[in-house]
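Please read these notes with the model open beside you.

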Amino acid sequence: MKTTQDFQKERLSAGQKVGVINLGCARNLVDAQMMLGRLKKNGHRIVDAAQAQTVIVNTCSFIEDARKESIDTILDLIELKKQGKIKKVIVAGCLAQRYGQDLAKEFPQVDAFVGTPTLNKEQMPEQMQLTPSHFAYVKICESCFNACSFCAIPKIKGKFISRTIESVVEEIKKLDAQGVKEINIIGQDITAYGMDIYREKSLARLLKELVKVIKNIEWIRLLYAFPSHMTDELIDVMAQNPKICKYIDMPLQHISDHILLEQNRNITTQQTIDLIKKIRQAMPQAFLRTTFITGLPGETQADFEELRGFVKEFRFERVGVFVYSKEEGTRSAEMDNHVPEKTKKTRLDALMQDQQEISAEIQQSFVGRVLKVLIEEKENGSPIKAFGDDKLAHGDDKEDVYIGRSEYDAPDVDGIVYVRSAKALKAGEFVDVLITDAYEYDLAGVAQ
């Protein structure tokens, strides 16, 4: 399969206007930034996809819904090409990496399928930042060190790769000098960072180096931890450093020993419980975001009720739930006793209903507290829309409404904080906000 570099050398004339449509997660966004960085370096003009001559769609194939979205987008772009509105269509990312040859037969109108960019261990990647200027994602590793039975990522991404500490520090220093305020450290499993090149879990060591060099960056957020790779040293580093957000995105996927074994998670029920207690003892204020899968082949009603009880007992601050998706080439796809789709969905709905009640109580606990909020943008809609008709009594007509996030809110996946302020605020500015109202996912308050 061609790489992005191969295609741009062979098929794109210098100065051509190129745009990207990015699908999927933040890890995909970094891949898109790397693609555009290389194209820009080679003389291509990067524009919004609506103005582009060549459009790259960076696809996702993690689950069936993601594949469907990717295929629908490809079809839309092919139609635009037929209409003469764009000249070339390039399909990149996980879908192209996994099914490139089959897709080339199915969609001959596509000019190239280029897979995913390679993460260089030693060098800082050439990128064109697609996030707002006040926050950025930094990918420190690629692929996954584990081999969960339900997941195709290792087959798509290949062998686990970590970047060197020196290359990550170099990138962080560059972003810090640009005035970035928040760094989101990402990878499929950042807690396995270093196990390939340093032969040990080295995320804590990396964080110690990062906090030494940052000046403008105030938040370092860790995304996608693997529970069996969490270390006491990492928990201690997070607890002791005020610039590391007290926020952990750690997919647990289940709690039943039976299902954890079938998932090949390399952790037990009791080890999971002990880990959560350890994190909360070290960081009582920490927010735990996690995800669960309902309906893995062989999941019994007893397994599911154990999961429900676990969620109710440990009251996670953020929870996402997915129904099991049968992925070609994975061990779980070959298992017996597949759970009916209706049962999987019913279990998902029940678990989310339980979590909504927990989330409502957690959200309400913020009312009356002051949170440090990173301003993202000014709310363009009416304050009535932002706060509800009865909420304007808390402010006055001279106040504007802004959108921001607390350290407990990762970009794009968590809630937001609506901020009323008589003083003009700028994107990237930190303000203290007295929380006056709580909603299902969002908060609202007044700048102090």
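The numbered points below go from basis to strand to cysteines.

1. This is a predicted model, in which local features need pLDDT of at least 70 and side-chain atom pairs count only at pLDDT 80 or more, while totals for chains, interfaces and linings use all residues. Residues are numbered from 1 along each chain as its sequence is written, and side-chain values use heavy atoms, with hydrogens and water left out.

2. Strand S16 covers residues 417-421. Strands (E, at least two residues) are DSSP runs, numbered from the N terminus. Five of the five residues of S16 are buried, so the strand is largely enclosed by the rest of the structure. Buried means under 20% relative accessible area, with a 1.4 Å probe and protein chains only.

3. Two strands pair if DSSP finds at least two bridges between them. S16 pairs with strand S15 (residues 400-406) in the antiparallel sense, over five bridges. Strand S18 (residues 443-447) runs parallel to S16 and is joined to it by four bridges. Val417 stands opposite Gly404 and also opposite Leu443 in S18.

4. How many disulfides are there? The count is zero, where a disulfide is a pair of cysteine sulfur atoms within 2.5 Å. Cys94 has its closest cysteine sulfur in Cys60, 5.8 Å away, which is too far for a bond. Cys141 is in no disulfide either, as the nearest cysteine sulfur, in Cys144, is 8.7 Å away.

5. Are Cys94 and Cys141 buried or exposed? Cys94 counts as buried because its relative accessibility is 9%. Cys141, at 0%, counts as buried too.

Definitions and conventions: Buried means under 20% relative accessible area, exposed over 50%, partly exposed in between (1.4 Å probe, protein chains only).
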